[in-house]
Amino acid sequence: MFSEMYADSGSVRAPYEKVAEWVAAAGVDLLKLRQNEAEAIFRKIGITFAVYGEGGDPERLIPFDLIPRVFGASEWRRLSRGIKQRTRALNAFLYDVYHRGEILRAGVIPEELVYRNAAFLPDMIGVDPPGRVYSHIVGVDIVRTDGDSFQVLEDNCRTPSGVSYMLENREIMMRMFPQLFHAGIVEAVDSYPVQLKRTLEEVAPIKCDDDPTVVLLTPGSLNSAYYEHSFLADLMGIELVEPQDLFIQNGLCWMRTTRGPHRVDVIYRRIDDTYIDPLAFKPDSLLGVPGLFNVYRSGGVTLCSAPGSGVADDKAIYVFVPDMIKFYLGEKPLLDNVPTWRCAAADDLSYVLSNLKDLVVKRVHGSGGYGMLIGPHATKKEIDAFRAKIKANPGEFIAQPTLDLSTAPILGGDGIEQRHVDFRPYCLVGKEIRLTPGGLTRVALKKGSLVVNSSQGGGVKDTWILAD
Amino acid sequence: MLSRTADNMFWMGRYMERADATARLIEMGYRMAMLPGSNEMDEWRSVAAASGSAPDIAEAKSLKAGDVVGRLLLDSENLSSIRSCLTSARANGRAIRTALTQDMWEALNDGWRQLGQMDAETALRNLPSLLEWTKNRTAAFRGASEISLLRNDGYFFLRLGGLIERADMTLRLLDVKYYVLLPETDVVGGGRDYHQWTSVLRATSALRAYHHVYRGDYSPWGIADFLILNAIFPRSLNFCYRSIAHYLDEIDKLYGETHPCQRTARDMVARLESLGIEQLFQNGLHEFVSEAIETTRRLGGEISRAYHF
């Protein structure tokens with residue numbers, strides 16, 4: 001098991017020297033006090049996150065751990081090149097499958113995986129989004145299993161959430177421990193909102209002939225990520241709109257304001273494809289803006305991300321991302337995938353079924369850590385039940401080995417303890433590709449747990465990229 | 001600005017003002033009920049009536065302090081209770097989080113669950129500190145918006161909501177207590193009347209201010225004049241309406257549009273400026289107050305129509 005903080009010899013790894021020094025000097029008791037303070041601040045600011053299906057408090061806090069997770073400058077350089085490469089390939093793939101489908105004709109990816117994919121939107125065929133960008137914000141979930149290798153666990157091409165934690169965790173750390181940041185050793189993350197706004201402005205639709213009006217579309221204040229929506233809109237200085245604030249007239253999109261209708265050019269939407277437009281997708285849906293999809297297709301407004309982007313971050317497609325990189329970019333993938341078995345393939349299926357107790361099985365379309373099987377932690381009964389599900393519908397599942405995720409120090413009940421972590425950076429795609437040096441580190445707070453999702457008892461940490 | 005944002009700003013302003021005014025109203029009842037010779041039930045009855053949200057209690061044969069406090073402070077079914085007002089104001093703010101400053105949000109968010117689990121008995125026992133707490137919350141919110149919010153349409157709608165609510169509250173208090181101010185009841189030296197009059201001032205936090213303006217000479221005319229016609233007392237009808245007209249003009253300047261609501265506000269200001277208190281009593285205080293309540297209600301509707309919310 002790789003420890004982010006300690007080398008095998010027991011000495012502190014170079015990137016963690018500053019953190020180790022600080023923890024030793026402050027002492028566990030003091031840090032625990034400050035941890036409570038931090039929680040009170042989060043509560044006061046109102047940074048909350050609701051968890052679907054759990055009931056209870058709709059405005060719950062994600063636990064925040066004080067001890068930062070650190071990447072050295074050279075580690076980040078490698079990661080950053082790999083993330084940007086992957087982001088380019090994913091967008092090239094999306095353009096391709098909604099146009100000529102070269103990668104399918106070449107037999108690199110099976111056609112049915114794309115065309116019969118629930119996230120594939122036939123209505124998007126032939127549509128040219130501005131700049132050929134489909135996924136404007138790509139969240140790449142990365143894990144580390146040893147000192148040398150980072151592996152991608154999954155891609156998030158639709159509307160990856162959590163970036164507000166990257167910003168707020170840093171804010172809190174700087175507020176509580178300003179001295180840690182004095183020497184300028186940590187790369188700043190606060191330019192993210194400016195870069196996001198620039199990215200969104202760069203993909204203004206062809207019919208926009210003025211400074212584009214950008215808005216953030218949220219399902220509303222009951223949505224679990226509402227805090228993040230409002231936070232980002234605020235930092236970008238743009239309107240936070242709900243579907244009922246928008247309407248379509250004369251082939252353009254407008255918002256209702258106190259001075260009458262105001263034209264909207266770019267919509268950073270944080271609602272799912274199917275809820276964008278009841279006329280195009282779900283006639284029975286009360287959400288959405290009737291007619292929006294047509295305006296989008298005719299270049300009257302830009303939707304970020306483009307409808308149908310989900311076909312690229314599906315877990316069955318994930319398997320082929322390294323092939324995409326070779327196919328579209330002619331490059332060698334800089335970040336590896338986690339070895340993955342597709343239950344749709346007969347050989348893979350039989351391997352998976354006979355090794356369930358050692359594997360993690362996930363749903364192809366699932367997210368948030370719901371509905372998955374973690375073999376080593378499951379009872380025999382659970383495994384048998386899952387086996388039946390896989391057999392009934394093999395195409396719905398993929399399996400991966402139980403990864404030995406790296407561990408990072410947290411402030412636990414018994415002092416400094418080691419817990420498993422992953423990492424999600426946020427890559428922006430407009431006219432150019434931008435990557436803020438930072439991201440969200442999620443940590444499995446339960447001892448021994450490998451599940452970092454906040455819905456399953458995960459917490460978050462500030463993530464430091466050390467300056468050169 | 002989004003119409004929905006304007007709507008939420010307006011109501012956030014109203015709810016915070018209502019929470020504040022309701023706290024002052026309960027405070028008045030609490031104080032009056034303690035006075036020797038007072039009829040505790042009557043005092044609480046007038047509090048219930050003035051709040052406008054507990055007509056059944058106001059008309060009940062017998063009632064206890066706990067009934068009124070429960071209804072006006074804690075009852076989540078009563079949309080005008082302090083608890084409901086604070087929760088609604090926070091929900092308004094949360095729905096338009098980006099239109100608020102961090103300071104304002106913190107003021108709304110801090111301790112909003114405080115009243116959630118409380119029962120009437122506990123509330124009654126801690127009444128003075130709970131009312132103080134409420135006034136502090138609303139003051140912190142008002143202060144935060146005063147020092148941190150941009151002076152654009154969002155601020156104007158927030159203030160308009162608060163001012164309309166405040167005008168309404170002063171009017172409703174006068175509506176309930178007008179009989180105390182009628183000339184017939186002007187019996188010199190009666191301790192009861194003295195307390196009754198001062199209670200009206202107290203509910204509007206105007207006791208000291210009144211001293212400064214009228215040199216301590218309590219009279220029904222003075223009090224009615226102060227609460228209706230005085231131009232510098234911030235809870236008087238005149239002050240509220242002048243401010244409403246002012247903010248509507250500011251929005252007009254910003255948008256370059258004129259609407260009927262401006263007319264309504266200006267007409268009321270003109271009327272208040274031309275009226276003398278003698279005339280007001282001659283024409284009938286009660287009639288005037290009822291009309292003004294109706295005008296204020298209409299004005300709220302005109303504002304929301306004008307700005308599409």
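The model is predicted: local features need pLDDT of at least 70, side-chain atom pairs count only at pLDDT 80 or more, and totals for chains, interfaces and linings use all residues. Residues are numbered from 1 along each chain as its sequence is written, while chains are lettered from A and ligands numbered from 1 in the order in which they are written.

Ala23(B) sits in helix 1 of chain B (helices are DSSP runs of H or I, at least four residues, numbered from the N terminus). Trp133(B) is 110 residues from Ala23(B) in sequence, yet 9.3 Å away in space, C-alpha to C-alpha.

Next, show the contact between the chains, with 17 residues from chain B and 17 residues from chain A. On the chain B side, helix 1 (3-34), helix 5 (82-95) and helix 6 (102-109) each supply at least two residues.

Finally, colour chain A by domain: domain 1 (14-336 + 404-465) and domain 2 (339-401), with bounds from an automatic or database domain assignment. Their C-alpha centres lie 26 Å apart. Where the two domains of chain A meet, domain 1 gives 11 residues and domain 2 gives 10 residues.

Technical notes. Two residues are in contact if their C-beta atoms, placed from the backbone, lie within 7 Å.
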